[in-house]
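Dear colleague,

I am passing this structure on to you, and my notes on it follow below. Please read them with the model open beside you.

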Amino acid sequence: RALAAVARARQFAGDWEGAARALERAIVIDSAALAPTAPCYLCRDLAALTDVYFWADSLQSALGAARRYAALRPEWTPAWELVTWAAARLSDTVVARDALRKSTLHSAEPRNPLLEVRVKILLDQYDDIEDRVKLLLESPKREDFLDARWWLLIALRNQGRYRDAQHLLVTGALRGVVPPQAPNVPDDVNEGILALERGDSRASAARFVRGWEEPLRGTLSPGMAARYHAWRGTLAGMAIAAVGDTAALQRMADTVEYW
């Protein structure tokens, strides 16, 4: 477990190679201690190693680690989910579909339509995404509606369907679909990104700068507050750069670096 802790610390510091090296050492030790009745620390090691490779953009290595996990526990849904994500990010449709099928087969839960939608977005397969999220988009539950709207907005933007995306953002519904049953709350991130992708960089900058200036809601630890300031400032800086205001961009870059 000490090696796993070292790996987490190195991962948080961006030392991907050091994190992977510590986990591989842990894997060797935990492989020798593997027993049917003991906690599967080796499974946790392989899942953590896959995550390190995701963060390092080493997708082929991530797929290799995920496959090692699935070979160890072929009846476990989490292992096949990791294989699915790695394969989808590599645009390997065959492997991704097979892994998703096995993940669903071994899961104790019903099929997860949003998981399938996310995989399809990674694979650039948009043919039936709207049908898959329609029931969730019409749900009276706030969480169902917001999750469906978020992923459908990404799918529409990826296809260049900006008018449909704008309509969904403003009304909460697709054209020809019943009005939303849950409140259609504002979404400043998608509003700003959609404006930027439509070529209206000034509207995007105005939206993201307003978001940057708004006070944070709730009580956050100093570390989490700094994270949000840095992230919202980065979004604002992206749009300011598109406008071409280099002086404002330099100020925002300095602010983000501070946070």
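Which residues of the largest nonpolar core touch the most other members? They are L49, Y53, F54, Y69 and V83, out of 35 residues in that core, where a nonpolar core is a set of buried Ala, Val, Leu, Ile, Met, Phe, Trp, Tyr and Cys residues joined through side-chain atoms within 4.5 Å, and buried means under 20% relative accessible area with a 1.4 Å probe, counting protein chains only. Two or more residues each come from α2 (16–32), α3 (41–55), α4 (59–72), α5, α6 (93–106) and α7 (113–122), helices being DSSP runs of H or I with at least four residues, numbered from the N terminus. Helix α5 gives the most to this core, with eight residues. Apart from it lies another core of 23 residues, including Y126, L153, A155 and A182.

Please bear in mind that this is a predicted model, in which local features need pLDDT of at least 70 and side-chain atom pairs count only at pLDDT 80 or more, while totals for chains, interfaces and linings use all residues. Residues are numbered from 1 along each chain as its sequence is written, and side-chain values use heavy atoms, with hydrogens and water left out.

T77 belongs to helix α5 (residues 77–89) and counts as buried because its relative accessibility is 13%. Setting aside neighbours within four places in sequence, T77 is in contact (heavy atoms within 4.5 Å) with S103, H106 and S107. The side chain of T77 reaches the backbone oxygen of H106 at 3.3 Å and the backbone nitrogen of S107 at 3.0 Å.

With best regards

Note on methods: Buried means under 20% relative accessible area, exposed over 50%, partly exposed in between (1.4 Å probe, protein chains only). A polar contact is a pair of N or O atoms within 3.5 Å; within protein, one must be able to donate a hydrogen and the other to accept it, and residues adjacent in sequence count only if both atoms are side-chain atoms.
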